[in-house]
Amino acid sequence: MDLGIKGKRALVCAASKGLGRGCAEALAAAGVDLVINSRTEAEITQTAHEIAETYGVSVTPVAADITTAEGRAKVLDAVQQADILVTNAGGPPPGDWQDWSRDDFIKAIDANMLSAVALMQALVPGMMDRGWGRVVNITSQSVKSPIAVLGLSNTARAGLTGFVAGMSRQVAGKGVCVNNLLPGIHDTDRATGLDAGVAKSKGITPSEARMQREATIPTGTYGRADDFGATCAFLCSQQARFIVGQNILLDGGALNATL
Ligand code: NAP
(Lines give C-alpha, C1' and ligand atoms only; values in the text may rest on other atoms or scores of the structure.)
Protein backbone atom coordinates (compact mmCIF):
# COMPACT_ATOMS: atom_id res chain seq x y z
CA MET A 1 0.00 0.00 0.00
CA ASP A 2 1.42 3.39 -0.99
CA LEU A 3 1.09 5.64 2.07
CA GLY A 4 1.58 8.75 -0.09
CA ILE A 5 4.26 10.27 2.16
CA LYS A 6 7.43 9.69 0.13
CA GLY A 7 9.69 12.73 0.47
CA LYS A 8 8.05 13.97 3.68
CA ARG A 9 10.30 14.82 6.64
CA ALA A 10 9.83 13.29 10.10
CA LEU A 11 11.24 13.63 13.59
CA VAL A 12 11.11 10.34 15.50
CA CYS A 13 12.18 10.62 19.15
CA ALA A 14 13.77 7.92 21.30
CA ALA A 15 14.40 5.79 18.23
CA SER A 16 17.72 3.97 18.48
CA LYS A 17 15.81 0.79 19.34
CA GLY A 18 12.45 -0.58 20.45
CA LEU A 19 9.15 1.00 19.43
CA GLY A 20 10.70 4.29 18.30
CA ARG A 21 12.99 2.46 15.93
CA GLY A 22 10.05 0.41 14.66
CA CYS A 23 8.28 3.67 13.77
CA ALA A 24 11.40 5.16 12.18
CA GLU A 25 11.93 2.08 10.01
CA ALA A 26 8.31 1.94 8.83
CA LEU A 27 8.39 5.63 7.89
CA ALA A 28 11.72 5.14 6.11
CA ALA A 29 10.21 2.21 4.21
CA ALA A 30 7.50 4.64 3.03
CA GLY A 31 10.20 6.98 1.70
CA VAL A 32 10.22 9.50 4.56
CA ASP A 33 13.47 11.35 5.39
CA LEU A 34 14.21 11.25 9.10
CA VAL A 35 15.76 12.98 12.04
CA ILE A 36 16.03 10.39 14.81
CA ASN A 37 17.02 10.90 18.40
CA SER A 38 18.16 9.08 21.52
CA ARG A 39 20.71 9.79 24.25
CA THR A 40 23.52 7.36 23.42
CA GLU A 41 25.56 8.79 20.54
CA ALA A 42 27.10 5.53 19.27
CA GLU A 43 23.72 3.75 19.18
CA ILE A 44 21.73 6.49 17.46
CA THR A 45 24.51 6.98 14.90
CA GLN A 46 24.59 3.24 14.15
CA THR A 47 20.79 3.05 13.86
CA ALA A 48 20.74 6.05 11.51
CA HIS A 49 23.39 4.43 9.34
CA GLU A 50 21.49 1.11 9.19
CA ILE A 51 18.14 2.73 8.32
CA ALA A 52 19.67 4.98 5.66
CA GLU A 53 21.49 1.99 4.09
CA THR A 54 18.39 -0.23 4.12
CA TYR A 55 15.78 2.24 2.85
CA GLY A 56 17.80 4.80 0.89
CA VAL A 57 16.40 7.81 2.74
CA SER A 58 18.24 10.60 4.55
CA VAL A 59 18.57 9.90 8.30
CA THR A 60 20.11 12.46 10.65
CA PRO A 61 20.95 11.20 14.16
CA VAL A 62 20.84 13.57 17.13
CA ALA A 63 22.18 12.40 20.51
CA ALA A 64 20.18 14.29 23.15
CA ASP A 65 17.89 13.77 26.12
CA ILE A 66 14.48 14.65 24.69
CA THR A 67 13.05 15.16 28.19
CA THR A 68 15.21 18.26 28.77
CA ALA A 69 14.80 21.73 27.25
CA GLU A 70 18.47 21.66 26.12
CA GLY A 71 18.02 18.26 24.47
CA ARG A 72 14.87 19.36 22.65
CA ALA A 73 16.60 22.56 21.46
CA LYS A 74 19.42 20.47 19.97
CA VAL A 75 16.95 18.14 18.23
CA LEU A 76 14.74 20.97 16.94
CA ASP A 77 17.81 22.77 15.62
CA ALA A 78 18.57 19.71 13.48
CA VAL A 79 14.95 19.33 12.35
CA GLN A 80 14.06 22.96 11.51
CA GLN A 81 10.67 21.88 10.13
CA ALA A 82 8.88 18.54 10.01
CA ASP A 83 5.78 17.14 8.34
CA ILE A 84 5.60 14.22 10.77
CA LEU A 85 6.38 14.08 14.49
CA VAL A 86 6.57 10.88 16.55
CA THR A 87 7.02 11.65 20.24
CA ASN A 88 8.53 9.06 22.54
CA ALA A 89 10.83 8.78 25.57
CA GLY A 90 11.80 6.14 28.08
CA GLY A 91 9.09 5.12 30.53
CA PRO A 92 9.18 5.91 34.27
CA PRO A 93 10.41 3.26 36.72
CA PRO A 94 7.99 0.96 38.53
CA GLY A 95 7.29 1.44 42.25
CA ASP A 96 4.68 1.82 44.95
CA TRP A 97 2.11 4.63 45.07
CA GLN A 98 3.00 5.43 48.69
CA ASP A 99 6.67 6.09 47.92
CA TRP A 100 6.59 8.55 45.02
CA SER A 101 7.64 12.10 45.88
CA ARG A 102 6.68 15.32 44.17
CA ASP A 103 10.05 15.22 42.37
CA ASP A 104 9.28 11.70 41.05
CA PHE A 105 5.96 12.94 39.63
CA ILE A 106 7.54 16.07 38.11
CA LYS A 107 10.22 13.94 36.43
CA ALA A 108 7.62 11.56 34.96
CA ILE A 109 5.38 14.41 33.81
CA ASP A 110 8.36 16.18 32.22
CA ALA A 111 9.39 13.00 30.39
CA ASN A 112 6.08 11.48 29.34
CA MET A 113 3.76 14.48 29.07
CA LEU A 114 5.45 17.88 28.80
CA SER A 115 8.23 16.82 26.37
CA ALA A 116 5.60 15.70 23.87
CA VAL A 117 3.58 18.88 24.45
CA ALA A 118 6.69 21.07 23.90
CA LEU A 119 7.58 19.25 20.66
CA MET A 120 4.03 19.66 19.36
CA GLN A 121 4.09 23.36 20.29
CA ALA A 122 7.36 23.74 18.36
CA LEU A 123 6.48 21.80 15.19
CA VAL A 124 2.69 21.79 14.71
CA PRO A 125 2.34 25.53 13.92
CA GLY A 126 4.61 25.01 10.87
CA MET A 127 2.54 22.00 9.79
CA MET A 128 -0.61 24.13 10.06
CA ASP A 129 0.97 26.90 7.98
CA ARG A 130 1.87 24.36 5.28
CA GLY A 131 -1.57 22.72 5.50
CA TRP A 132 -0.41 19.18 6.23
CA GLY A 133 0.96 17.29 9.22
CA ARG A 134 0.83 14.12 11.28
CA VAL A 135 1.68 13.60 14.94
CA VAL A 136 1.79 10.25 16.70
CA ASN A 137 2.46 10.18 20.43
CA ILE A 138 3.66 6.85 21.82
CA THR A 139 1.86 6.54 25.15
CA SER A 140 0.79 3.26 26.81
CA GLN A 141 -2.02 0.82 27.44
CA SER A 142 -1.86 2.25 30.98
CA VAL A 143 -3.96 5.16 29.69
CA LYS A 144 -6.93 2.81 29.26
CA SER A 145 -6.10 0.22 31.90
CA PRO A 146 -3.85 1.30 34.77
CA ILE A 147 -0.79 -0.77 35.66
CA ALA A 148 -0.46 -0.47 39.43
CA VAL A 149 3.34 -0.54 39.65
CA LEU A 150 3.59 2.01 36.83
CA GLY A 151 1.55 4.71 38.56
CA LEU A 152 3.96 7.42 37.40
CA SER A 153 3.31 6.35 33.81
CA ASN A 154 -0.47 6.09 34.38
CA THR A 155 -0.48 9.66 35.67
CA ALA A 156 1.79 11.42 33.18
CA ARG A 157 0.37 9.73 30.10
CA ALA A 158 -3.20 10.43 31.15
CA GLY A 159 -2.23 14.12 31.21
CA LEU A 160 -0.86 13.94 27.66
CA THR A 161 -3.98 12.12 26.52
CA GLY A 162 -6.18 14.90 27.86
CA PHE A 163 -4.07 17.55 26.14
CA VAL A 164 -4.22 15.73 22.79
CA ALA A 165 -7.98 15.21 23.07
CA GLY A 166 -8.52 18.97 22.99
CA MET A 167 -5.61 20.17 20.87
CA SER A 168 -6.07 17.61 18.06
CA ARG A 169 -9.53 19.05 17.32
CA GLN A 170 -8.11 22.57 17.15
CA VAL A 171 -5.52 21.75 14.46
CA ALA A 172 -7.39 19.20 12.30
CA GLY A 173 -8.93 21.95 10.17
CA LYS A 174 -5.43 22.86 8.97
CA GLY A 175 -4.69 19.33 7.75
CA VAL A 176 -2.85 18.19 10.87
CA CYS A 177 -3.92 14.87 12.41
CA VAL A 178 -2.75 14.19 15.97
CA ASN A 179 -3.28 10.75 17.52
CA ASN A 180 -1.84 8.51 20.22
CA LEU A 181 -0.59 4.94 19.89
CA LEU A 182 -0.97 2.85 23.04
CA PRO A 183 1.43 -0.09 23.23
CA GLY A 184 0.54 -3.13 25.26
CA ILE A 185 3.47 -5.36 26.02
CA HIS A 186 5.98 -5.46 23.14
CA ASP A 187 9.16 -7.42 22.76
CA THR A 188 11.72 -4.67 23.50
CA ASP A 189 14.40 -3.98 26.12
CA ARG A 190 11.72 -2.19 28.17
CA ALA A 191 9.69 -5.42 28.35
CA THR A 192 12.80 -7.43 29.24
CA GLY A 193 13.46 -5.01 32.09
CA LEU A 194 9.86 -5.22 33.35
CA ASP A 195 9.96 -9.04 33.22
CA ALA A 196 13.21 -9.02 35.20
CA GLY A 197 11.51 -6.88 37.87
CA VAL A 198 8.52 -9.25 38.08
CA ALA A 199 10.86 -12.27 38.23
CA LYS A 200 12.77 -10.75 41.12
CA SER A 201 9.67 -9.83 43.10
CA LYS A 202 8.02 -13.23 42.56
CA GLY A 203 11.17 -15.39 42.91
CA ILE A 204 10.78 -16.87 39.40
CA THR A 205 12.93 -16.74 36.27
CA PRO A 206 12.52 -13.97 33.67
CA SER A 207 11.29 -16.51 31.11
CA GLU A 208 8.66 -17.75 33.59
CA ALA A 209 7.60 -14.14 34.14
CA ARG A 210 7.27 -13.70 30.38
CA MET A 211 5.26 -16.93 29.99
CA GLN A 212 2.90 -15.82 32.75
CA ARG A 213 2.40 -12.46 31.07
CA GLU A 214 1.91 -14.04 27.64
CA ALA A 215 -0.82 -16.22 29.12
CA THR A 216 -2.82 -13.04 29.89
CA ILE A 217 -2.80 -11.92 26.22
CA PRO A 218 -5.36 -13.41 23.80
CA THR A 219 -2.72 -13.64 21.02
CA GLY A 220 -0.44 -15.49 23.47
CA THR A 221 2.52 -13.40 22.33
CA TYR A 222 4.24 -10.09 22.91
CA GLY A 223 3.83 -7.46 20.21
CA ARG A 224 6.57 -6.67 17.70
CA ALA A 225 8.21 -3.30 17.13
CA ASP A 226 7.92 -3.64 13.34
CA ASP A 227 4.15 -4.19 13.53
CA PHE A 228 3.87 -1.25 15.91
CA GLY A 229 5.87 0.85 13.46
CA ALA A 230 3.61 -0.15 10.57
CA THR A 231 0.57 1.13 12.48
CA CYS A 232 2.41 4.37 13.22
CA ALA A 233 3.28 4.81 9.54
CA PHE A 234 -0.35 4.28 8.59
CA LEU A 235 -1.42 7.00 11.06
CA CYS A 236 1.10 9.24 9.27
CA SER A 237 -0.26 8.37 5.82
CA GLN A 238 -2.44 10.39 3.48
CA GLN A 239 -5.18 7.82 4.01
CA ALA A 240 -5.31 8.61 7.77
CA ARG A 241 -6.62 12.14 7.13
CA PHE A 242 -9.94 11.38 8.90
CA ILE A 243 -8.36 9.88 12.05
CA VAL A 244 -8.17 12.64 14.65
CA GLY A 245 -7.63 12.60 18.41
CA GLN A 246 -7.80 8.83 18.71
CA ASN A 247 -6.11 6.45 21.13
CA ILE A 248 -5.20 3.30 19.22
CA LEU A 249 -4.54 0.35 21.50
CA LEU A 250 -2.06 -2.31 20.27
CA ASP A 251 -2.20 -4.97 22.97
CA GLY A 252 -3.11 -8.32 21.41
CA GLY A 253 -6.55 -8.08 22.99
CA ALA A 254 -5.16 -7.93 26.55
CA LEU A 255 -7.64 -5.28 27.69
CA ASN A 256 -10.90 -7.14 28.21
CA ALA A 257 -13.38 -4.48 27.19
CA THR A 258 -16.24 -4.13 24.70
CA LEU A 259 -15.29 -0.58 23.69
P1 NAP B 1 13.24 0.58 24.77
O2 NAP B 1 13.29 -0.61 23.89
O3 NAP B 1 13.92 0.55 26.10
O4 NAP B 1 13.84 1.81 23.90
C5 NAP B 1 13.84 3.08 24.42
C6 NAP B 1 14.46 4.03 23.40
O7 NAP B 1 14.29 5.35 23.89
C8 NAP B 1 15.95 3.86 23.21
O9 NAP B 1 16.29 4.20 21.89
C10 NAP B 1 16.53 4.86 24.21
O11 NAP B 1 17.87 5.17 23.86
C12 NAP B 1 15.55 6.00 24.01
N13 NAP B 1 15.41 6.93 25.13
C14 NAP B 1 15.08 6.61 26.42
N15 NAP B 1 15.02 7.72 27.15
C16 NAP B 1 15.29 8.75 26.31
C17 NAP B 1 15.38 10.15 26.49
N18 NAP B 1 15.19 10.71 27.69
N19 NAP B 1 15.68 10.94 25.43
C20 NAP B 1 15.87 10.38 24.22
N21 NAP B 1 15.81 9.07 23.99
C22 NAP B 1 15.53 8.26 25.03
O23 NAP B 1 11.74 1.04 25.09
P24 NAP B 1 10.40 0.74 24.27
O25 NAP B 1 9.88 -0.57 24.68
O26 NAP B 1 10.63 1.03 22.84
O27 NAP B 1 9.41 1.82 24.92
C28 NAP B 1 9.17 3.08 24.33
C29 NAP B 1 8.08 3.78 25.14
O30 NAP B 1 6.89 3.00 25.10
C31 NAP B 1 8.43 3.95 26.62
O32 NAP B 1 7.92 5.17 27.10
C33 NAP B 1 7.70 2.81 27.28
O34 NAP B 1 7.39 3.06 28.63
C35 NAP B 1 6.43 2.74 26.42
N36 NAP B 1 5.80 1.44 26.50
C37 NAP B 1 6.46 0.33 26.12
C38 NAP B 1 5.83 -0.91 26.22
C39 NAP B 1 6.54 -2.18 25.84
O40 NAP B 1 5.99 -3.26 26.09
N41 NAP B 1 7.67 -2.15 25.21
C42 NAP B 1 4.52 -0.99 26.70
C43 NAP B 1 3.87 0.19 27.07
C44 NAP B 1 4.52 1.40 26.97
P45 NAP B 1 18.87 5.82 24.97
O46 NAP B 1 18.73 5.02 26.22
O47 NAP B 1 20.22 5.73 24.32
O48 NAP B 1 18.42 7.23 25.14
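The model is predicted, so local features need pLDDT of at least 70 and side-chain atom pairs count only at pLDDT 80 or more, while totals for chains, interfaces and linings use all residues. Residues are numbered from 1 along each chain as its sequence is written, and side-chain values use heavy atoms, leaving out hydrogens and water.

**The sheet**
- Seven strands make an open sheet with parallel pairing, in the order S3-S2-S1-S4-S5-S6-S7 (strands are DSSP runs of E, at least two residues, numbered from the N terminus; two pair if DSSP finds at least two bridges between them).
- Strands S3 (59–63) and S7 (247–250) stand at the edges with a single partner strand each, so one side of each has no neighbour in the sheet.
- From one strand to the next, the twist averages 15°.
- S2 (residues 33–38) runs parallel to S3 and is joined to S3 by five bridges.
- Asn37 stands opposite Val62 in S3.

**Ring contacts**
- There is one aromatic pair in the structure (ring centres of Phe, Tyr or Trp, its six-membered ring, within 6.5 Å; planes under 30 degrees apart are stacked, over 60 edge-to-face, the rest tilted).
- Trp100 and Phe105 form this edge-to-face pair, with 6.2 Å centre to centre and 80° between the planes.
- Lys8 lies over the face of Trp132, 4.0 Å from the ring centre (NZ of Lys or CZ of Arg within 6 Å of the ring centre and within 35 degrees of the ring normal).
- Arg210 lies over the face of Tyr222, at 4.1 Å from the ring centre.

Key
Helices (H or I, at least four residues) and strands (E, at least two) are DSSP runs, numbered from the N terminus. Axes are lines fitted to C-alpha atoms, for helices over the stretch in contact, and angles run from 0 to 180 degrees between N-to-C directions.
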